[in-house]
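This report covers a metal site and a helix contact. The sequence and the structure are shown first.

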Amino acid sequence: MSNEIDKKLQQKNIKPTAMRELVYGVLDKNRKALSLYEIEQQFDNVDRSTIFRTLKTFQDNLLIHSVDDGSGAVKYALCDDDCTCSLDDLHYHFLCTKCGQTHCLKNMPIPKVDLPEGFNFENANFVIKGTCPNCQG
Ligand SMILES: [Zn+2]
Ligand SMILES: [Zn+2]
């Protein structure tokens, strides 16, 4: 049991369980957006649906946000402590076309969208593609 992780979970009203601690640990360690498949690879013998349910709980409680980077798989990344996943918290994501990794650009908020009358905002994905620092040089 890790106190640090438990505190993070409880801050978002998530009851700590062994599985939740493990999944949080994977996301925290990797510091980038991971797909369900990539998270599954970090475990020896865990059912995919268990991981998926854990991610769903995390997302419902604003501990993580999902990223649709156009690669075909939804990816998940940790939110900041004070994130409420509102329009103000949405940021650009960066997909490296060489290594396929997706990074949160948390200090790059997405521009305010001014929708025509009758259109209601729900969500937005702003993805930049290119090469990450690891893949250059
Ligand atoms: Zn890269
Ligand atoms: Zn992000």
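In this predicted model, the four donor atoms around the zinc ion (ligand 2) subtend angles of 102 to 118°. The arrangement is therefore tetrahedral, since four donors count as such if all angles lie between 85 and 135 degrees. The donors are His65 (NE2), His91 (NE2), His93 (NE2) and Cys104 (SG), and they coordinate the zinc ion (ligand 2) at 2.0 to 2.2 Å. Along the chain, the donors of the zinc ion (ligand 2) have the spacing H-x25-H-x1-H-x10-C.

His65 and Cys104 link distant parts of the chain, 39 residues apart. His65 lies in strand β2 (residues 64–67), and Cys104 lies in strand β5 (residues 102–109). Their relative accessible areas are as follows.

| Residue | Relative accessible area | Class |
|---|---|---|
| His65 | 11% | buried |
| Cys104 | 23% | partly exposed |

His65 is classed as buried because its relative accessible area of 11% falls under 20%. Cys104, at 23%, is partly exposed because that class lies between the buried limit of 20% and the exposed limit of 50%.

The helix contact involves helix α1 (residues 3–11) and helix α2 (residues 18–30), whose axes come within 10 Å and cross at roughly 100°. On the α1 side, the contact is formed by Ile5, Asp6, Lys8 and Leu9. These residues meet Arg20, Glu21, Tyr24 and Gly25 in α2. By class, the residues of the contact of α1 with α2 comprise four charged, three nonpolar and one polar.

Technical notes:
Residues numbered from 1 in each chain as written. Chains lettered and ligands numbered in written order. Predicted model: local features only at pLDDT ≥ 70, side-chain atom pairs only at ≥ 80, totals over all residues. Heavy atoms only, no water. Axes fitted to C-alpha atoms, helices over the stretch in contact; angles between N-to-C directions. Helix = DSSP H or I, 4+ residues; strand = E, 2+ residues; numbered from the N terminus. Contact = heavy atoms within 4.5 Å. Nonpolar A, V, L, I, M, F, W, Y, C, P; charged D, E, K, R; others polar. Donors = N, O, S within 2.8 Å, 3.2 Å for Na, K, Ca; no water. Tetrahedral: all angles 85-135°; square planar, octahedral: opposite > 155°, others 65-115°. Buried < 20%, exposed > 50% of the residue type's maximum accessible area, 1.4 Å probe, protein only.
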